[in-house]
Amino acid sequence: MKDAFGIPQSLLVLGGTSEIALATARRLVARRTRTVWLAGRPSAALDAAAEQLRGLGAEVRTVAFDALDLESHEAALGKVFAEGDVDLVLLAFGILGDQAHDEREPLNAVRVAQTNYTGAVSAGLVSARALQAQGHGSLVVLSSVAGERARRANFIYGSSKAGLDAFAQGLGDALHGTGVHVMVVRPGFVRSRMTAGMEEAPLATTPEAVATAIELGLRRRSETVWVPGALRVVMSAVRHLPRTLFRRLPV
């Protein structure tokens, strides 16, 4: 169960090597989280992430999880919930893809969509059902401001995040009053391995800043969190720009 300050005692990370997820896990472990499950494809990186969190004092276990292997989600996540209640599920997996290349190779574009949207729908529903069965818990979904309006430069990724964002909002409405809290997190450009080498966008942020915003959102039981907060106003303006003007922007 969460403590008096809204900090989860147990955490399940879907996407166990995500820099944002690990920054969040470190922050929560430093507060009071004691049990962490890292779900992801078995790798040296996943093992290293687990060891890092163990060094901070958490009990950490890993579980094999593949976003694209939809038929395995029930069994993989079921193992975690069978061990006891999970206070927080952080859905943090996703891929950026290569827009120019993926436009020429449709199967690559489909992989982006299946990972970021289809895989998330499956894992999100499995997790939500388990949280509802235990009667409490939070599901935090890492979306993106890219989903607010599809840009020429990354409309494949952006469209997958738009679908994910809409799904998470609807899921939150469906679970309202059940004891399960759904929070959608919309970061802007995050300095990370995923964006290494890319031109930095205005209002860029860091995994640590997103982690701070997630913790604050959990304390407040927010439904939507923008990182940084100023993006809420910026993206509202972008969303309402006439299409003829939007096409002229260097985006």
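Helices here are DSSP runs of H or I with at least four residues, numbered from the N terminus. By that count, Ala49 sits in helix α2, which covers residues 44–55. The model is a predicted one, so local features need pLDDT of at least 70 and side-chain atom pairs count only at pLDDT 80 or more, while totals for chains, interfaces and linings use all residues. Residues are numbered from 1 along each chain as its sequence is written, and side-chain values use heavy atoms, with hydrogens and water left out.

Back to Ala49: its relative accessibility comes out at 5%, so Ala49 counts as buried (under 20% relative accessible area, with a 1.4 Å probe and protein chains only). Leaving aside residues up to four places away in sequence, Ala49 touches Gly16, Leu22 and Leu38, where contact means heavy atoms within 4.5 Å. Its C-alpha atom lies 10 Å from that of Arg61, 12 residues apart along the chain.

Two helix pairs are described next. Helix α1 (residues 19–31) packs against helix α7 (residues 207–220) at about 55°, their axes 8 Å apart; axes are lines fitted to C-alpha atoms over the stretch in contact, and angles run from 0 to 180 degrees between N-to-C directions. The contact includes Ile20 and Leu28 of α1, along with Val210 and Ile214 of α7. Helix α3 (residues 73–82) and helix α5 (residues 106–134) meet at about 35°, with axes 10 Å apart. Among the residues in that contact are Leu77 and Phe81 in α3, and Val126 and Leu131 in α5.

Note on methods: Buried means under 20% relative accessible area, exposed over 50%, partly exposed in between (1.4 Å probe, protein chains only).
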